[in-house]
Amino acid sequence: MKRVALFAGLAALGAIPSLAQSPITFNARGLVVVSDADLGSASTIIDGKLLRDNTRDQLTTIKFPVERGSKGVGTALVSNSVLASAKTLAVPAAGGLAYVLESRIRPEDAVTQYKDALTEFPGGEKLFVVDIANLAAPKAKFGFPVGRKPIAIDVNKNELILSTMDTGKELVFIEAGPDGKPARFLNLPAALDTANKIADLTWHPSGDFIAFTLDNSNEVGLYKVIREAGKLKNVEMVGKPLKVGADPSFGKFSADGKHYFVLDTKGPRGKATGEGEILVVDFSMDGSAEHKVASQVPAGLNTGSFAISPDGTMLVTVNAAKSGAPWTEAGAGAGASLTLFKVGADGALTKVSDYPFEGIYPQSVVFDKDGSNLAVSVFEYLEYGNGNGGVEFWTVTKGDAPALKKQGAKVSLGKGAHTLRIIP
């Protein structure tokens with residue numbers, strides 16, 4: 001009886017909840033992560049030195065709630081690359097399948113350094129389909145060519161839209177069957193001059209529009225989806241593309257589709273020297289007026305991407321800063337952070353705070369299905385020996401005074417983790 005009373009007393013004082021609660025909280029069925037081992041290290045982006053080992057690119061699935069050990073965490077070998085956009089991985093909301101772009105392929109073993117890894121890394125051409133129905137045991141099913149150096153992919157139900165570096169075939173549409181095989185494959189006219197390439201693209205929540213980012217002209221634009229008998233037939237440009245900064249990349253619509261948020265990194269991936277920006281674009285969906293930048297706000301240094309909370313009231317950027325610098329440089333491995341913003345009804349962003357954390361070259365962040373927690377990818381850590389990447393977790397305080405708090409545990413993955421997607 002005394003032991004029962006003592007237990008009840010400790011519980012009342014809040015002294016034992018951790019005994020019954022997992023150190024990782026994330027409200028979703030699972031997460032899907034891709035890891036680029038071919039690059040060797042995040043510092044390769046800066047100095048071109050390939051610090052490779054015998055590991056290979058992989059896709060990892062994480063089932064929630066997480067358990068001790070490796071149960072519920074599965075891997076499959078799937079070629080992928082951090083050198084493409086922050087949208088090299090697409091997962092339908094229903095899960096079941098994952099689609100991975102092979103933007104770059106593994107260099108020959110004799111290659112040890114490039115002058116510029118971003119431009120010299122050998123290009124890929126395939127889209128891989130992975131069965132993730134069993135989150136403990138994903139299975140790479142097949143891959144097929146989609147175009148030279150595929151850059152970005154997004155999914156709307158079973159409709160995939162992706163961009164490539166193939167002139168005249170920059171825009172690719174695929175209607176996927178239940179097994180992931182292409183039931184329809186269309187090269188759509190992108191209506192672009194030959195100097196431009198689509199660096200990023202995003203389905204509108206309605207499925208009736210596609211937003212895109214142009215890398216050379218530094219613009220964003222909008223396509224209207226033309227359907228026939230319910231099937232996508234073509235796209236047509238809505239209005240004129242809009243200038244949005246110095247180096248725009250990742251974009252995402254608000255949940256209601258009224259605003260489009262665009263990241264301007266202000267420099268090449270991992271090499272920017274000044275703070276980037278998040279711009280809020282209001283598209284004229286019927287083309288009756290010009291698209292416009294409604295507002296903009298400073299983001300972090302070398303921001304990889306961002307996430308918007310399910311209720312649309314918060315936006316979080318993940319910032320690599322100079323953490324990816326060669327380890328011989330002062331400050332290498334440090335400086336990564338999250339930046340939390342409040343989102344107004346008009347889409348305008350108000351910065352709340354920065355949240356520093358350890359880890360090298362974080363590139364992706366996602367909210368869970370109710371916006372109570374965050375997951376963040378980490379490419380690697382400042383660790384010698386058999387280095388690993390990981391996924392870290394943060395608890396979100398909602399309301400008028402939002403805040404983030406780092407959770408005490410992470411999921412360790414193969415080195416090179418860079419893009420996350422949630423299975424709600």
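F26, F64 and F393 form one aromatic cluster. Before I go on, this is a predicted model, in which local features need pLDDT of at least 70, side-chain atom pairs count only at pLDDT 80 or more, and totals for chains, interfaces and linings use all residues. Residues are numbered from 1 along each chain as its sequence is written, and side-chain values use heavy atoms, with hydrogens and water left out.

Aromatic pairs, then. A pair of aromatic rings is described by the distance of the centres and the angle of the planes. Rings of Phe, Tyr and Trp (its six-membered ring) pair if their centres lie within 6.5 Å; planes under 30 degrees apart count as stacked, over 60 as edge-to-face and the rest as tilted. Searching the whole structure gives 14 aromatic pairs. One of them joins F64 and F393, edge-to-face, with 6.0 Å from centre to centre and 85° between the planes. F64 lies in the loop between strand 2 (58-63) and strand 3 (73-77) and F393 in strand 27 (residues 388-397), so this pair ties together parts 329 residues apart in sequence. Strands here are DSSP runs of E, at least two residues, numbered from the N terminus. F64 counts as buried at 10% relative accessibility, and F393 is buried at 0%. The cut-offs are under 20% relative accessible area for buried, over 50% for exposed, and partly exposed in between, with a 1.4 Å probe and protein chains only.

The next pair is F250 and F306, also edge-to-face, at 4.9 Å centre to centre and 90° between the planes. F250 sits in strand 17 (residues 248-253) and F306 in strand 21 (residues 303-308), so the pair links distant parts of the chain, 56 residues apart. F250 is buried, with a relative accessible area of 8%, and F306 counts as buried at 2%.

F250 has a charge over its ring as well: the charged end of K87 is 4.9 Å from the ring centre. The criterion is NZ of Lys or CZ of Arg within 6 Å of the ring centre and within 35 degrees of the ring normal. K410 lies over the face of Y381, at 4.9 Å from the ring centre.

Four strands form an open sheet in the order 25-26-27-28, with antiparallel pairing; two strands pair if DSSP finds at least two bridges between them. Strand 25 (365-367) and strand 28 (403-414) are at the edges with a single partner strand each, so one side of each has no neighbour in the sheet. From one strand to the next the twist averages 20°, with axes as lines fitted to C-alpha atoms and angles from 0 to 180 degrees between N-to-C directions. Strand 25 pairs with strand 26 (residues 373-378) in the antiparallel sense over three bridges. V365 has V376 of strand 26 as its bridge partner.

Last, two single residues. D354 is in strand 24 (residues 349-356) and counts as partly exposed at 37% relative accessibility. Its side chain makes polar contacts (N or O atoms within 3.5 Å, one able to donate a hydrogen and the other to accept it within protein, and residues adjacent in sequence counting only if both atoms are side-chain atoms) with the side chain of T339 at 2.7 Å and that of K351 at 2.8 Å.

K139, in strand 7 (residues 139-145), counts as exposed at 56% relative accessibility. Leaving aside neighbours within four places in sequence, K139 is in contact (heavy atoms within 4.5 Å) with V129, V130 and D131.
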